[in-house]
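I open this notebook to record what I looked up in the structure. The entries follow the order in which I consulted it.

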Amino acid sequence: MTIRAFGFALLVCWCVMAAERPAAAYLDPGSGSMLLQVLLGGVAGVAVIAKLYWGRVLSLLGIRRDQPKE
Amino acid sequence: MTAAGRTEYEPGSFRDRSARVFFGEDGRVYRALTAPALEDWDALSATRLFRTFTGDGRLVSTERAPDEASRLAALGGAWAAVLRHQTIPFVSYPYEWSFSMLKDASLLQLDLLLAALDEGLILKDGTPYNVQWNGTRPVFIDIGSIARVRPGEPWAGYRQFCRQCLYPLLLQAYKNVSAQAWLRGSLEGISAEACSRLMSARDLLRPGVLTHVYLQAQAEARTATATRNVKDELKRAGFSQALIKANVQRLRKLVGGLEWGQQRSVWSEYADRNTYQPEESEQKAAFVQRAAAARPRGLVWDLGSNTGRFARLAAAHARHVVAVDADELSVERMYRGLKADGVSNVLPLVGNVADPSPGLGWRGRERLPLPDRGRPDLVLCLALIHHVVLGANVPLDEFIEWLAGLGGEVVIEFVGRADPMVEALLRHKEDLFDDYDHAYFESRLAARFEVADRQELSSGTRTLYHAVPRRGPSGGA
């Protein structure tokens with residue numbers, strides 16, 4: 001992976017985490033570490049970050065109401 | 001061990017409910033598995049990784065118990081299988097390891113994880129407590145933590161690996177702060193938040209600090225109260241094993257590059273710059289050699305081992321030697337030296353006789369004090385007693401009682417009051433130590449031991465004793 005791609009992933013992940021808003025008092029101390037592993041996965045992580053938050057953008061715009069369930 | 005027909009599980013093995021360790025009446029180590037854990041074992045035991053890693057001793061040798069049916073019947077409950085493991089000579093914990101020992105134990109976990117990922121397996125956790133030692137060779141012992149990969153899920157052990165392996169190593173490599181007190185103070189290790197606070201802005205430029213420490217601390221803080229199911233979200237977004245592998249490969253490079261730069265400590269040069277004359281040192285070596293060779297030894301402890309000269313002498317006559325010193329740099333050098341010379345039966349540990357490893361964790365039994373992990377047949381206490389009595393203020397008769405309570409023979413050196421080391425210890429201390437007296441020492445020793453051999457060293461200030469318990473050894477481990 002190039003340094004530029006890693007830098008981009010870092011930036012995207014940082015923005016995403018900065019936009020995170022705590023919701024309720026449910027303690028899940030592993031959540032942050034799980035999310036970080038997307039960033040630490042390198043180039044492949046960029047696509048996952050994009051997918052992870054594209055769904056949220058669609059929901060926010062009312063284009064998609066619910067996340068599809070498996 | 002079975003008592004009144006019921007199996008007693010190893011008190012530290014309760015965390016993973018799908019696999020629990022117990023000791024057989026034959027002294028061997030067994031592991032009971034649930035049905036899903038048995039499927040993981042079947043998958044693991046068919047892999048190339050299993051053959052390779054058990055073949056070179058990096059993974060504990062394991063087989064289905066030959067008498068599985070009767071053991072299952074004795075266990076009762078919902079167990080599906082019983083495994084039998086190779087026995088580890090002496091159990092130790094990360095807060096007793098020097099820097100390179102924790103580093104090597106960490107690298108072993110990452111190597112095992114990388115090999116596992118290639119064969120559809122993963123480690124369920126990332127804890128150095130899963131690693132033990134055959135001498136200076138690390139062995140991964142928790143077969144139950146190797147499981148089949150669940151597609152789309154991140155490595156569950158990543159955060160634990162950071163807390164218990166990576167952060168202690170980073171703090172020692174970058175800040176020259178030893179992590180043993182941290183690890184002994186908290187079995188869960190060092191949190192990302194605490195580690196992040198200890199790093200300066202300049203440290204953010206050092207490998208691993210920005211991502212594994214700072215960003216992880218931020219991510220943990222920002223998601224601490226979130227209600228989202230991150231695991232499901234990641235699965236839907238296409239999280240794959242390739243990401244775990246890329247992360248672990250990078251972690252391996254990071255850990256592999258960490259070095260502890262400490263060059264000197266109060267005790268690290270002791271072997272070269274002690275107050276002994278050369279002929280005195282040879283007399284001492286010959287005495288230890290003679291005492292150790294008197295009969296075959298099982299477990300030997302060398303307390304105050306420094307860089308392990310006498311532990312090596314004893315090792316020639318013992319099944320296993322545990323060599324303990326309070327100075328980490330001395331232990332670090334001992335570990336590197338033993339490893340380089342291929343000495344296979346000496347385990348170096350950081351520890352202080354006057355402040356020993358306590359019982360820790362649930363009920364204080366999850367991690368055990370040293371004597372509860374195996375009693376020594378022979379204890380070497382060379383140039384130690386003045387540190388215990390004059391340095392740590394332990395009453396002399398209590399120290400002798402403690403030694404006698406261990407049940408084994410003792411090789412002990414009394415360092416007289418005229419010795420320069422004793423003078424140095426008392427230089428700035430009020431001398432309240434009436435009990436630190438040669439005649440009194442001999443009377444206390446004679447009360448609990450028979451002196452089989454005694455030799456005054458040529459300096460005239462030090463005397464060696466080989467002492468045998470009056471009632472005979474109370475059984476080794």
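**Entry 1: a hairpin in chain B**

I began with F22(B), which stands opposite Y30(B) in β4(B). I take helices (H or I, at least four residues) and strands (E, at least two) as DSSP runs, numbered from the N terminus. Strand β3 (residues 19-23) of chain B and strand β4 (residues 29-33) of chain B pair in the antiparallel sense over five bridges; pairing requires that DSSP finds at least two bridges between two strands. The two strands form a hairpin with five residues between them, and G27(B) in the turn has a positive phi of about 80°.

I then looked up burial. I call a residue buried if 20 or more other C-beta atoms lie within 10 Å of its own, exposed if 12 or fewer, and partly exposed in between, with C-beta atoms placed from the backbone. Four of the five residues of β3(B) are buried, so this strand is largely enclosed by the rest of the structure.

**Entry 2: conventions and confidence**

I note that this is a predicted model, in which local features need pLDDT of at least 70 and side-chain atom pairs count only at pLDDT 80 or more, while totals for chains, interfaces and linings use all residues. Residues are numbered from 1 along each chain as its sequence is written, and chains are lettered from A and ligands numbered from 1 in the order in which they are written.

The model scores ipTM 0.78 and pTM 0.90. For chain B I found a mean pLDDT (the predictor's confidence in each residue, from 0 to 100) of 93, with 95% of its residues at 70 or more. Over residues 472-477 of chain B, pLDDT stays under 50, and the model has 13 contacts beyond four places in sequence for them. I count two residues as in contact if their C-beta atoms, placed from the backbone, lie within 7 Å.

**Entry 3**

Chain A has three helices and zero strands, in the pattern α-α-α along the sequence. Of its 70 residues, 26% are buried.

How many residues does each chain bring to the contact? I found 30 residues from chain A and 30 residues from chain B. On the side of chain A that touches chain B, the elements giving two or more residues are α2 (31-40) and α3 (43-61) of chain A. The most comes from α2(A), with nine residues. By class, this side of chain A has 17 nonpolar, nine polar and four charged residues. Here Ala, Val, Leu, Ile, Met, Phe, Trp, Tyr, Cys and Pro count as nonpolar, Asp, Glu, Lys and Arg as charged, and the others, Gly among them, as polar.

**Entry 3: domains of chain B**

Chain B is divided into domain 1 (9-87), domain 2 (134-256) and domain 3 (270-469), with bounds from an automatic or database domain assignment. The centres of domain 2 and domain 3 of chain B, taken over C-alpha atoms, are separated by 38 Å. Five residues of domain 2 of chain B are in contact with 13 residues of domain 3 of chain B. The domain 2 side of this contact has one nonpolar, four polar and no charged residues.

**Entry 4: strand β15 of chain B**

Seven of the seven residues of strand β15 (residues 409-415) of chain B are buried, so the strand is largely enclosed by the rest of the structure. E409(B), V411(B), E413(B) and V415(B) point one way from β15(B), and V410(B), I412(B) and F414(B) point the other way.

Strand β14 (residues 378-381) of chain B runs parallel to β15(B), joined by four bridges; L378(B) has E409(B) as its bridge partner. Strand β17 (residues 462-469) of chain B runs antiparallel to β15(B), joined by six bridges, and T463(B) is the bridge partner of F414(B).

Most residues other than glycine have a negative phi. Is N176(B) buried or exposed? N176(B) counts as exposed, with 10 C-beta neighbours inside 10 Å.

I also found a phi near 55° at N306(B), which lies in the loop between β11 (297-303) and α13 (309-315) of chain B. N306(B) is buried, with 23 other C-beta atoms within 10 Å.
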